[in-house]
Amino acid sequence: MRSIWNGAISFGLVSIPIKLVNATESHSISFRQIHTEDGGRIRYRKFCELEDREVTQGEIGKGYEDADGSIIPITDEDLSSLPIPTAKTIEIVAFVPADRIDPLQMDAAYYLQASGAPAAKPYTLLREALKRSNKVAIAKFALRGRERLGMLRVVGDAIAMHGLLWPDEVRAPEGVAPDTNVTVRDKELDLADALMDTLGEVDLEDLHDEYREAVEEVIAAKAAGETLPQAPEPAAGGKVLDLMAALENSVRAARESRGEEPGEHAEVQPLPQRKTARAAPKQTGGKKSTSTAKKTAAKKTTAAKKSTAKSGQETKKTAAKSTAKSTAKKTPAKKSTSRKRSA
């Protein structure tokens, strides 16, 4: 890999000669600007406004425009002799736990390559010290005309450096979060948690740039004079009026995409970190339901007994009245006896 900067790592009194190489590369497809009428290339030419002529790259330098519009020339020699130690040195200033670094500060990534055999031993020493401490090194370095922050960490058998933005270059998230009061129910959090579990993890190596592949297909089709591939019909969407229903449908769709039975219901697990009481469904089994069932059964049995007794008494009373009417004239004393027995 081609180096973009040569210098040294300053680790206390230890100096490690290194080369800085890019750790990432872009695979995006680039386009040229053309004249739409005839397809001619659009090119930019650099002219000197004083001489009104095109100049070559070797004639172009750097200059700082002052407040009054005047230009102050700045040469590469001026910048290389800056009175700062980081002009050609990555100066380690501290070692901190990795979680102290806000990901918002992360910028471009580089590999630090040992420069020559003499750098092998101190390079390995720094790498192994970083491994054993489980920390990252914070450093200052100068690149492309400005001093920057860097974070050194171990990647495999190499030391990588992430450029860091200065803390005052990271904006505060003011006005980004919703400005209305929203209450999220525990059941909604449980369903969201179930959806996260259903989606599971992913191997980042399996992810790829589908947009770039689609652009390549379009370019190949146009070059061959073939019909361009058509975009699939967008899924019919609408406003989400019921968040719970949307979450349940999302869990179901995620399960189906993983080959699980579509009829399976999402198993909602309570969130372990929340200690507040949640609106869980009432238990259908247990002592309370058994006690309630017994009380209900007892009430029904008592009611049935009372109804049977009452019905028997009414039957006896009816029979007694009928007998009394037929025997009233002959045996009045039996009437009284019969009434007493029925009572």
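Trainee: Which residue in E11 is the bridge partner of methionine 106?
Mentor: In E11, leucine 164 is the bridge partner of methionine 106. The model is predicted, so local features need pLDDT of at least 70 and side-chain atom pairs count only at pLDDT 80 or more, while totals for chains, interfaces and linings use all residues. Residues are numbered from 1 along each chain as its sequence is written, and side-chain values use heavy atoms, with hydrogens and water left out.

Trainee: What makes E8 and E11 a pair?
Mentor: Two strands pair if DSSP finds at least two bridges between them. E8 and E11 have 5 bridges, in the antiparallel sense, so they meet the definition. E10 and E11 pair as well, antiparallel over 7 bridges, and leucine 149 has leucine 164 as its bridge partner in E11.

Trainee: In what order do the strands close into a barrel?
Mentor: The 7 strands run E1-E2-E8-E11-E10-E9-E7, with mixed pairing. Neighbouring strands are turned by 40° against each other on average, direction ignored. The axes behind such angles are lines fitted to C-alpha atoms (for helices over the stretch in contact), and angles run from 0 to 180 degrees between N-to-C directions. E1 (residues 3-11) and E7 (residues 89-97) pair in the parallel sense over 3 bridges.

Trainee: Which helix packs on the sheet?
Mentor: Helix H2 (residues 120-133) does, touching E1, E2, E7, E8, E9, E10 and E11. Contact means heavy atoms within 4.5 Å. The direction of H2 makes about 85° with that of E2.

Trainee: Why is the pair of phenylalanine 11 and phenylalanine 95 called edge-to-face?
Mentor: Rings of Phe, Tyr and Trp (its six-membered ring) pair if their centres lie within 6.5 Å; planes under 30 degrees apart count as stacked, over 60 as edge-to-face and the rest as tilted. The structure holds 1 aromatic pair. Its rings are 5.8 Å apart centre to centre, with 65° between the planes, so the edge-to-face name applies. Phenylalanine 11 lies in E1 and phenylalanine 95 in E7, 84 residues apart.

Trainee: Why does phenylalanine 95 count as partly exposed?
Mentor: Buried means under 20% relative accessible area, exposed over 50%, and partly exposed in between (1.4 Å probe, protein chains only). Phenylalanine 95 has 34% and phenylalanine 11 has 23%, so both fall in between. In E11, by contrast, 6 of 7 residues are buried.

Trainee: Which residues have the most contacts inside the largest nonpolar core?
Mentor: They are Ile9, Ile18, Ile90, Leu112, Leu126, Leu152 and Met161, in a core of 20 residues. Such a core is a set of buried Ala, Val, Leu, Ile, Met, Phe, Trp, Tyr and Cys residues joined through side-chain atoms within 4.5 Å. E9 gives the most to this core, with 4 residues. Apart from it lies another core of 7 residues, including Val136 and Leu149.

Trainee: What span should helix H3 have?
Mentor: The expected span is 1.5 Å times one less than the number of residues. For the 14 residues of H3 (residues 186-199) that gives 20 Å, and the end C-alpha atoms are 20 Å apart, which agrees. The buried residues of H3 pack against helix H5 (243-257). Just after H3, glycine 200 has a positive phi of about 70°.

Technical notes: Helices (H or I, at least four residues) and strands (E, at least two) are DSSP runs, numbered from the N terminus.
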